[in-house]
Amino acid sequence: MENNAHIRFDNISKFYGDVKIIEDLDLNIKKGEFISLLGPSGSGKTTLLMMLAGFESATKGTVWLNDKALNDIPSYKRNIGVVFQNYALFPHMTVAQNIAFPLQMRGVSKAEINEKVEKVLGMVQLAAMKERKPAQLSGGQQQRVALARALVFEPEVILMDEPLGALDKQLREQMQLDIRALHQRLGVTIVFVTHDQEEALTMSDRIAVFNKGNIEQIASPREIYDRPQTKFVAEFIGATNLIEGKITALQADKAQVLLANKQSIWVQAAKDVSVNEDVYVSVRPEKLHLTQQSGAYDNHFPTTIKDIVYLGNHLRVQLDENAHHFIVNQDRKAVEWTKGAAVVAGFNAADCWMIKR
Ligand code: ADP
Ligand code: MG
């Protein structure tokens with residue numbers, strides 16, 4: 001293998017009959033990285049993960065682990081741990097027996113099994129529950145058993161397919177932090193599938209954003225959020241205001257963009273754009289500011305407040321401006337805005353992000 005990736009998907013395609021699920025996909029994953037595959041339901045995340053786990057085979061292309069092509073290596077010989085969304089625990093076995101199972105499969109001695117099971121039970125804080133059956137555990141505890149079972153044989157890679165999907169919000173957020181801490185402690189490579197963008201932003205070193213079997217962008221959470229490269233990524237990651245326009249002038253790092261309502265705005269220019277080019281301008285809700293008059297910002301939209309939603313520490317304000325239904329996040333301590341009030345929405349050129357159309 002010519003680069004030093006830990007895992008490499010090389011020109012992978014997957015067809016079910018005539019239906020293309022994934023086409024010509026390349027993805028390199030570094031050793032010790034926490035990478036999330038993020039995308040809507042049906043975008044091919046599980047399919048890709050199962051090819052790495054060995055439960056599916058690629059129609060075309062090669063999956064590499066270290067310098068080994070995995071195509072002909074059965075799943076149990078891949079040294080990869082898998083955690084499924086539905087836990088897939090054996091109901092008739094105790095917690096300890098469930099966790100011991102992968103070691104028995106690998107012919108590990110009884111003494112070593114006991115030692116390793118005890119160690120991993122401590123890691124996921126389930127030592128007191130080891131004699132229980134899965135049905136006697138809460139969802140969160142069952143999930144930790146599944147995690148322990150994937151960790152116990154000390155695999156070099158752990159795959160997780162929406163492992164927190166069945167948990168309520170509070171437990172889910174706790175488990176996100178627990179899994180992150182475990183990753184940092186063990187230094188194992190983790191490939192984590194989720195459709196939840198907040199979860200991917202919280203947990204990952206890098207995120208690969210999936211859309212219809214393609215990777216739209218792969219980058220750090222911050223880069224994905226601040227510099228989305230496509231309309232799909234801009235809309236899928238967090239809320240945003242996406243405005244269509246055409247570049248009418250370029251000046252240093254700024255562009256003048258003419259909008260459908262004939263208004264012009266100044267925005268930070270993307271690299272290699274030119275005059276007359278059609279673009280989207282993305283403005284995050286927290287970058288829009290409500291004021292009572294024009295003047296404070298580079299761009300202003302006189303408008304009215306259509307709706308206000310209380311979200312605890314801030315307000316989500318919906319504005320009505322010709323075709324643009326802007327949303328604005330507003331500090332609660334700000335002026336008491338009311339529905340129907342006339343306001344000016346202002347934003348700076350530097351707080352815009354430009355995407356080619
Ligand atoms: P995700 O995990 O992103 O939700 P999947 O990888 O499960 O997406 O599925 C991607 C697409 O492949 C979907 O359209 C799904 O219907 C299809 N698919 C998955 N498994 C099979 C299968 N065994 N046979 C036919 N189509 C499948
Ligand atoms: Mg899936």
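## Gln142 and its surroundings

In this predicted model, Gln142 has its place in helix α4, which covers residues 139-151. The side chain of Gln142 extends to the backbone oxygen of Pro134, and the distance between them is 3.3 Å. When neighbours within four places in sequence are left aside, the residues in contact with Gln142 are Tyr87, Leu89, Pro134 and Leu137.

## The shell around ligand 1

Which residues surround ligand 1? The shell is made up of Tyr16, Ile21, Pro40, Ser41, Gly42, Ser43, Gly44, Lys45, Thr46 and Thr47. Sorted by class, this shell holds three nonpolar residues, six polar residues and one charged residue. Helix α1, which runs over residues 45-53, gives the most to the shell, contributing three residues.

In the case of Thr47, a polar side-chain atom is found 2.5 Å from an oxygen atom of ligand 1. Taken alone, ligand 1 exposes 560 Å², and the protein buries 56% of that area.

The domain assignment divides the protein chain into domain 1, with residues 5-235, and domain 2, with residues 239-356. The C-alpha centres of these two domains lie 39 Å apart, and 10 residues of domain 1 are in contact with seven residues of domain 2.

The size of an interface is often given as the accessible area that is lost when the parts come together. Between domain 1 and domain 2 the buried area is about 840 Å², and carbon and sulfur atoms give 57% of it. On the side of domain 1, Tyr225, Lys231 and Ala234 supply 57% of the area that this domain buries against domain 2, which is more than any other three residues supply.

## Thr230 in a loop

Thr230 is found in the loop that lies between helix α7 (221-226) and helix α8 (231-236). The side chain of Thr230 reaches the backbone nitrogen of Val233 at a distance of 3.2 Å.

How many residues along the chain separate Thr230 from Met354? They are 124 residues apart along the chain, while their C-alpha atoms are separated by 9.4 Å. Leaving aside neighbours within four places in sequence, Thr230 is in contact with Glu216 and Ile355.

Notes:
Residues are numbered from 1 along each chain as its sequence is written. Chains are lettered from A and ligands numbered from 1 in the order in which they are written. This is a predicted model: local features need pLDDT of at least 70, side-chain atom pairs count only at pLDDT 80 or more; totals for chains, interfaces and linings use all residues. Side-chain values use heavy atoms; hydrogens and water are left out. A residue is near a molecule or strand if one of its heavy atoms lies within 4 Å of it. A polar contact is a pair of N or O atoms within 3.5 Å; within protein, one must be able to donate a hydrogen and the other to accept it, and residues adjacent in sequence count only if both atoms are side-chain atoms. Accessible areas come from the Shrake-Rupley method with a 1.4 Å probe; for residues, only the protein chains shown count as cover. Helices (H or I, at least four residues) and strands (E, at least two) are DSSP runs, numbered from the N terminus. Ala, Val, Leu, Ile, Met, Phe, Trp, Tyr, Cys and Pro count as nonpolar, Asp, Glu, Lys and Arg as charged, and the others, Gly among them, as polar. Domain bounds come from an automatic or database domain assignment. Contact means heavy atoms within 4.5 Å. Buried area is the accessible area (1.4 Å probe) that two parts lose on being put together, summed over both.
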